[in-house]
Amino acid sequence: ESQNELFRNWDQMQNFLMALVGITLAGIWCWAYVFTNKIAGPIFNISKKLDEFLAGDQKARVTLRKKDYFQDLGNKVNTLLDKAAK
């Protein structure tokens, strides 16, 4: 009887640990998704706009979302593009 109870407790602990691992992995995935969108997205956008400007589009400007990183860099790139277009 005590062995059955021991195995039942072990199964409950395994289920708890599997749920904990799943929740942790889901949290890490969500964090990575948000983090990469706020960093990789602006870098891609700035690079794309610089390529457009170099290809001859004198009106190409960087537009970033409010919560993106690199807002200051985007503004400086736009200032540079304004000066280069003159």
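Is Y33 buried, exposed or partly exposed? Y33 is partly exposed, with a relative accessible area of 47%. Here buried means under 20% relative accessible area, exposed means over 50%, and partly exposed lies in between (1.4 Å probe, protein chains only). The model is predicted: local features need pLDDT of at least 70, side-chain atom pairs count only at pLDDT 80 or more, and totals for chains, interfaces and linings use all residues. Residues are numbered from 1 along each chain as its sequence is written, and side-chain values use heavy atoms, with hydrogens and water left out.

A search of the whole structure finds two aromatic pairs. The ring centres of W29 and Y33 are 5.5 Å apart and their planes stand at 15 degrees, so this pair is stacked. Rings of Phe, Tyr and Trp (its six-membered ring) pair if their centres lie within 6.5 Å; planes under 30 degrees apart count as stacked, over 60 as edge-to-face and the rest as tilted. Both W29 and Y33 belong to helix α1, four residues apart, about one turn of the helix. Helices (H or I, at least four residues) and strands (E, at least two) are DSSP runs, numbered from the N terminus. W29 is exposed, at 56% relative accessibility.

W31 and F35 form a stacked aromatic pair, 5.0 Å centre to centre with 10 degrees between the planes. They too lie in helix α1, four residues apart, about one turn of the helix. W31 is exposed, with a relative accessible area of 56%. F35 is partly exposed, at 36%.

W31 and F35 also contribute to a nonpolar surface patch of about 610 Å², made with I43, Y69, F70 and L73. Patches are made of residues with over 30% relative accessible area and no salt bridge; like charges are joined within 9 Å, nonpolar side chains (Val, Leu, Ile, Met, Phe, Trp, Tyr) within 5 Å. A salt bridge is a side-chain nitrogen of Lys or Arg within 4 Å of a carboxyl oxygen of Asp or Glu. Accessible areas come from the Shrake-Rupley method with a 1.4 Å probe; for residues, only the protein chains shown count as cover. Helix α1 (residues 2–54) supplies the largest share of the patch, three residues. F70 lies in the loop between α1 and α2 (71–85). F70 is partly exposed, at 34%.

D68 lies in the loop between α1 and α2. D68 is buried, at 9% relative accessibility. Its side chain makes a polar contact with the side chain of R65 (3.0 Å). D68 also touches N37, K38 and P42 (heavy atoms within 4.5 Å), not counting residues up to four places away in sequence. A polar contact is a pair of N or O atoms within 3.5 Å; within protein, one must be able to donate a hydrogen and the other to accept it, and residues adjacent in sequence count only if both atoms are side-chain atoms.
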